[in-house]
Amino acid sequence: MQSDIKEVLITEKEIANKCAEIGEQLTLEYKDKFPLLVGVLKGATPFMADLSRYIDTHVEMDFMDVSSYGSGTRSSGEVKILKDLDAKVEGRDVLIVEDIIDSGLTLSYLVDLFKYRKANSVKIVTLLDKPGGRTAKIKADIVGFEVPNAFVVGYGLDYNEKYRNLPYIGVLKPEVYSV
Ligand SMILES: O=P(O)(O)OC[C@H]1O[C@H](OP(=O)(O)OP(=O)(O)O)[C@H](O)[C@@H]1O
Ligand code: HPA
């Protein structure tokens, strides 16, 4: 698997340090608030697991599965709910935990949904931000790293369901992409 990677953009160590730094910030921000952390399946699972262990205050953890990408590297433009939350959102301080904002379609859909469900507040923490991919007008409250306008994989991010288990973020060799 590792031989398919052309370049490592963000190392395992850099990700771990960033989780610690963001976790500390969230500990202060959500002290005494019992926020609802919403991990967006499947890509955000490693980030949700690592980040949450650096948040030193009570949180509720839930997951939602939405999909806007079929196979390949292009968003379909349509967001579908594949698995909804178990938790009720009304009155809660919701923190959406994402792996990447690219077009912004997934997150603008989720922010609108949680506002419609009467959340007390809705904030976004994303490990990666790809501003060059943006079509929807949306900004994260906390961004780990900015990435260039290339399709990235690893640490939860897939290409055709592969590479999620890479411990770092990288770019594939051109010959690996089939689209
Ligand atoms: O800003 P956008 O262009 O909407 O892209 C971001 C979303 O796309 C990916 O999820 P995907 O729908 O591929 O599902 P997955 O996490 O299960 O791979 C990624 O994990 C984000 O949730
Ligand atoms: O660059 C990306 N890589 C993997 N999944 C994604 N979903 C949106 N953008 C990306």
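Reply: Helices (H or I, at least four residues) and strands (E, at least two) are DSSP runs, numbered from the N terminus. Residues are numbered from 1 along each chain as its sequence is written, while chains are lettered from A and ligands numbered from 1 in the order in which they are written. This is a predicted model, in which local features need pLDDT of at least 70, side-chain atom pairs count only at pLDDT 80 or more, and totals for chains, interfaces and linings use all residues.

Confidence comes before detail. The average pLDDT of the protein chain is 94, and 95% of the residues score at least 70; pLDDT is the predictor's confidence in each residue, from 0 to 100. For the complex, the predictor gives an ipTM of 0.98 and a pTM of 0.95. Where pLDDT is low, the predicted coordinates should not be read in detail.

Now the core. A residue is called buried if 20 or more other C-beta atoms lie within 10 Å of its own, exposed if 12 or fewer, and partly exposed in between, with C-beta atoms placed from the backbone. A nonpolar core is a set of buried Ala, Val, Leu, Ile, Met, Phe, Trp, Tyr and Cys residues joined through C-beta atoms within 7 Å. The largest such core has 39 residues, and those with the most contacts inside it are Val-38, Leu-51, Val-94, Leu-95, Ile-96, Val-97 and Val-153. Two or more residues come from each of helix 1 (12-29), strand 2 (36-41), helix 2 (45-52), strand 5 (93-101), helix 3 (105-116), strand 6 (121-129), strand 8 (152-153) and strand 9 (169-172). Strand 5 contributes the most, six residues.

Helix 2 buries Pro-46, Phe-47, Met-48 and Leu-51. These buried residues are covered by elements that include helix 1, strand 2, strand 5 and strand 6. Contact here requires C-beta atoms, placed from the backbone, that lie within 7 Å of each other. If neighbours within four places in sequence are left aside, Leu-51 is in contact with Cys-19, Ile-22, Gly-23 and Val-97. Ala-20 belongs to helix 1 and counts as partly exposed because it has 14 C-beta neighbours inside 10 Å.

Helix 3 has 12 residues and spans 17 Å from its first C-alpha to its last, close to the 16 Å expected at 1.5 Å a residue; the expected span is 1.5 Å times one less than the number of residues. Its buried residues are Leu-105, Thr-106, Leu-107, Leu-110 and Phe-114. Leu-113, also of helix 3, is partly exposed because 19 other C-beta atoms lie within 10 Å. After helix 3 comes Lys-118, with a positive phi near 65°.

Strand 3 (residues 60-69) holds Val-66, which is partly exposed because 18 other C-beta atoms lie within 10 Å. With neighbours within four places in sequence left aside, its contacts are Val-40, Val-79, Lys-80, Ile-81, Leu-82, Thr-106, Tyr-109 and Leu-110. The C-alpha atoms of Val-66 and Leu-107 are 9.8 Å apart, and the two residues are 41 residues apart along the chain.

The loops remain. Between helix 1 and strand 2 lie Lys-31 and Phe-34. Lys-31 is exposed because 10 other C-beta atoms lie within 10 Å, and Phe-34 is exposed because its count is 11. Phe-34 is not a glycine, yet has a positive phi of about 45°. In the loop between strand 2 and helix 2 is Lys-42, and the peptide bond from Leu-41 to Lys-42 is cis, with omega near -10°. Tyr-163 sits in the loop between strand 8 and strand 9 and is buried because 22 other C-beta atoms lie within 10 Å. Phi of Tyr-163 is also positive, near 80°, in a residue other than glycine.

Definitions and conventions. Contact = placed C-beta atoms within 7 Å.
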